[in-house]
Amino acid sequence: MLRRRLYGLLLALLTVTPAYAQLSIVGEWVGRYHEDFGDRVPGDVQGDLTGVPMNEAALRYAEAYDVRRGNLLVHQCEPYSLPHIYRGPLQFRIWEEKDPDTQEIIAYKEYIGTYMQYRTIWMDGRPHPPEYAPHTFMGFSTGKWNGDVLTVRTTHLKKEFYRRSGIPSSDQTSVVEHYIRHGNLLSHVMIITDPVYLSEPFVNSQEFVLMDRGNQSWLYNCEYVMEVPMDQTKVPHFLPGTHPFIDDFSKKFGLPPAAVKGGAESTYPEYRTKLEAGTPAITLRSGPPAAPRANEVRNEIETVHVQGNVYMLVGAGANIAVQIGEEGVLVVDTGAAATREKVLAAIRKLSTKPIRWVVNTSADLDHTGGNETVSQAGETVNGNPAAIIAHEGVLARMTETSRSVTERPLNTFLEPSRDFSFNREAILLYHFDGHTNGDSIVYFRRSDVIVAGDIFLTTTFPTVDAQGGGIDGIIEGLNRILDIAVPQYLQEGGTYVIPGHGRISDEADVTEYRDMLVIIRDRILDMVKRGMTLQQVKAARPALEYEGRYGTESGAKFIEAVFKNLGEKK
Amino acid sequence: MKLKLFVSALAIALLASVQASAHHSFAAAYFEDKTTQVEGKLVQFQFRNPHSFIQLEVKDDKGQIQRWSIEWGGASQLGSQGVTSETLKYGDIVTIIGNPGRVAEDRRIRMLSLRRKSDNFGWGQRPGEVVN
């Protein structure tokens with residue numbers, strides 16, 4: 001009888017308790033700042049570069065970094081990115097999103113009080129997005145429980161910082177996190193890998209306490225204001241060797257500069273012996289070469305919806321934008337000649353309406369190789385092949401290089417801008433003597449998408465054409481994009497930008513690229529003014545901290561082109 | 001009970017101050033070991049996060065009007081000290097003491113204290129009236 005009762009009790013327990021109950025991490029958590037308070041909360045004087053396994057490129061970046069850059073309108077509302085935010089001041093809330101039918105967890109959601117950021121950790125096994133998808137400050141995260149440890153992998157992050165003093169993180173960063181709960185404490189461990197700025201994984205951990213009593217400190221939005229009146233096209237930075245405050249931290253705490261700037265080596269206990277033996281030299285490792293560029297001419301053309309009526313075609317060499325609607329199809333750039341039939345097929349899959357317009361952002365072969373095929377397959381309202389529009393510099397270049405008449409733009413413009421309406425959308429073209437003397441950017445106003453052409457790339461430094469291109473024109477074009485683009489929230493989303501090559505971007509990505517070009521331009525200009533030769537300029541490596549991201553070879557060509565360009569102006 | 005309430009209030013105050021620091025380090029942007037004083041007409045008060053800003057028109061030695069940018073705490077932190085978006089108004093003549101910015105031509109100050117001439121309203125003299 002007793003045995004029967006026990007079985008009954010066991011059965012009842014099993015019906016209310018699953019076979020394996022997952023630990024819950026749901027709740028409101030607040031940071032404990034007993035470790036690294038100075039760094040994590042108030043921040044210290046400039047020059048704190050300790051404790052991060054930064055490489056040579058990161059040090060160069062930090063030595064040029066002027067904190068006043070954060071006062072620029074395009075920077076002031078940038079939040080901390082994922083690898084940084086948990087080391088900053090924050091409280092956050094976690095909740096679960098469950099499948100209503102199975103009650104399985106689809107995702108963990110986080111709301112982070114600092115800057116009011118949202119984050120999703122997908123638990124349903126979905127893959128990470130392709131490489132051409134936009135990056136965000138929180139990235140794209142997928143998670144998996146391993147016993148009682150939730151392990152999360154994040155990619156698609158934006159460039160930001162590991163420390164406010166200027167140690168940069170790159171958009172190639174990936175993060176593995178472990179969430180480990182012990183009663184009302186949550187241990188959060190991050191293993192950060194960044195081939196551009198770290199010489200080895202950056203591991204850190206922080207503790208959070210479950211708040212058993214709520215508070216109202218959850219609202220912390222950012223409003224754009226002119227904090228300090230300044231020219232928004234000038235990027236505050238220090239020329240190499242001129243940062244006046246870079247050693248302030250080392251002086252304040254009596255630390256040898258070599259220890260402060262020692263990178264990975266200085267984070268290990270053995271470094272103490274080295275310090276005791278004398279002042280060690282700074283021997284930061286160089287970063288690895290930039291990841292090889294994916295083959296941009298592919299067997300298959302992929303189609304990505306950007307937003308509104310605009311799509312991006314990937315795999316045809318340069319990126320192609322396609323706008324579709326009731327009136328027909330407009331195509332911006334047509335890719336390499338080798339892919340022209342596939343491009344046409346991809347456009348036809350998007351819309352069977354007539355192709356009315358083709359716009360060229362430059363005359364480059366990888367942007368215009370499909371002009372003839374796409375134009376001839378379309379027709380204007382009066383029965384001609386689809387009209388090709390471009391700045392007259394494109395026609396001049398195509399004529400000089402004997403491109404066939406059917407490839408050339410016949411509807412050219414010479415004024416700084418041109419606009420027209422198509423598919424009930426305003427389309428604005430802005431011309432710059434950018435990477436060539438025929439560059440245009442194209443703005444789809446209702447869809448809120450800008451096609452940048454080759455003045456903005458996420459793969460390499462820009463090329464500066466010897467015949468009419470110019471670094472100042474490229475920067476002017478990027479500044480125009482920044483004028484037009486409006487982020488949806490916290491420098492993210494809103495206006496999307498299709499680069500000439502690479503992934504879909506937004507204002508924050510263009511800002512980083514603009515900043516980089518201004519900084520390198522200013523450095524080379526300073527060297528030109530000081531009478532340095534090209535060999536001396538190259539040896540000084542004015543693009544060192546960006547080469548791991550955009551390529552050493554591409555950097556060398558860019559430096560040479562800018563040197564010649566600025567030298568001519570001198 | 002009283003202790004519990006005190007601890008909760010302290011925690012909230014700490015959180016408010018913690019959030020106010022998320023933008024940049026004051027020590028990085030200003031000389032915290034120096035102070036300077038300016039008096040002028042308030043032409044803008046941006047009560048906002050991450051940090052509030054006051055724009056002040058100040059006459060220099062030559063009688064020329066120069067604009068100074070005064071950085072204050074975030075709205076979250078100042079709000080917990082009783083400061084609101086209505087506290088200061090266009091045209092207020094104020095004297096401000098604070099840390100000077102690290103680049104002199106920026107003409108910026110991190111606010112340590114403020115005094116309004118018309119009614120002697122002040123901030124920065126009472127305990128707790130700090131930003132970090």
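Is the crossing of helix 12 of chain A and helix 13 of chain A left-handed or right-handed?

1. The crossing of these two helices of chain A is left-handed, and this, like everything that follows, is read from a predicted model. Helix 12 of chain A, residues 471-484, packs against helix 13 of chain A, residues 507-529, at an angle of about 155°, and their axes are 10 Å apart. Because an angle over 145 degrees counts as roughly antiparallel, helix 12 of chain A and helix 13 of chain A are therefore described as roughly antiparallel to each other.

2. As to the residues that make this contact, helix 12 of chain A contributes Ile471(A), Ile474(A), Ile475(A), Leu478(A), Asn479(A), Ile481(A) and Leu482(A), while helix 13 of chain A contributes Glu507(A), Val510(A), Thr511(A), Tyr513(A), Arg514(A), Leu517(A), Val518(A) and Arg521(A). Sorted by class, the residues of the contact of helix 12 of chain A with helix 13 of chain A comprise ten nonpolar, two polar and three charged.

3. Chain A is assigned domain 1, covering 27-210, and domain 2, which is written in two segments as 297-480 + 495-502. Taken over C-alpha atoms, the centres of domain 1 of chain A and domain 2 of chain A are separated by 37 Å.

4. One sheet of chain A is a barrel, closed by nine strands in the order 1-2-3-4-5-6-9-10-11, with mixed pairing. On average, and with direction ignored, neighbouring strands of this sheet are turned by 30° against each other. Within chain A, strand 4 (residues 117-122) and strand 5 (residues 140-146) pair in the parallel sense over two bridges, and Ile121(A) has Ser141(A) in strand 5 of chain A as its bridge partner.

5. A further sheet of chain A is open and has seven strands in the order 12-13-14-15-16-17-18, again with mixed pairing. Its edges are strand 12 and strand 18 (411-413) of chain A, each of which pairs on one side only, and the twist from one strand to the next averages 20°.

6. Strand 12 (residues 297-307) and strand 13 (residues 310-316) of chain A are joined in the antiparallel sense over six bridges, with Met312(A) in strand 13 of chain A as the bridge partner of Val304(A). The hairpin that strand 12 and strand 13 of chain A form has two residues between the strands, and there Gly308(A) takes a positive phi near 60°. Strand 16 (residues 355-359) and strand 17 (residues 387-391) of chain A, in turn, pair in the parallel sense over three bridges, and Val358(A) stands opposite Ile388(A) in strand 17 of chain A.

7. Helices also lie across these strands. Helix 8 of chain A, residues 340-350, lies across strand 12, strand 13, strand 14 (320-325), strand 15 (328-332) and strand 16 of chain A, and runs at about 30° to strand 12 of chain A. Helix 11 of chain A, residues 392-400, lies across strand 17 and strand 18 of chain A, and runs at about 105° to strand 17 of chain A.

8. Between the chains, the contact takes 30 residues from chain A and 27 residues from chain B. On the side of chain B that touches chain A, the elements giving two or more residues are helix 1 (2-20), helix 2 (26-29) and strand 3 (65-71) of chain B, and helix 1 of chain B supplies the largest share, six residues. By class, this side of chain B has eleven nonpolar, eleven polar and five charged residues.

How values were computed. Residues numbered from 1 in each chain as written. Chains lettered and ligands numbered in written order. Predicted model: local features only at pLDDT ≥ 70, side-chain atom pairs only at ≥ 80, totals over all residues. Contact = placed C-beta atoms within 7 Å. Helix = DSSP H or I, 4+ residues; strand = E, 2+ residues; numbered from the N terminus. Nonpolar A, V, L, I, M, F, W, Y, C, P; charged D, E, K, R; others polar. Axes fitted to C-alpha atoms, helices over the stretch in contact; angles between N-to-C directions. Parallel < 35°, antiparallel > 145°, perpendicular 65-115°, else oblique. Left-handed = near helix turned anticlockwise from the far one by under 90°. Domains from an automatic or database assignment. Pairing = 2+ DSSP bridges.
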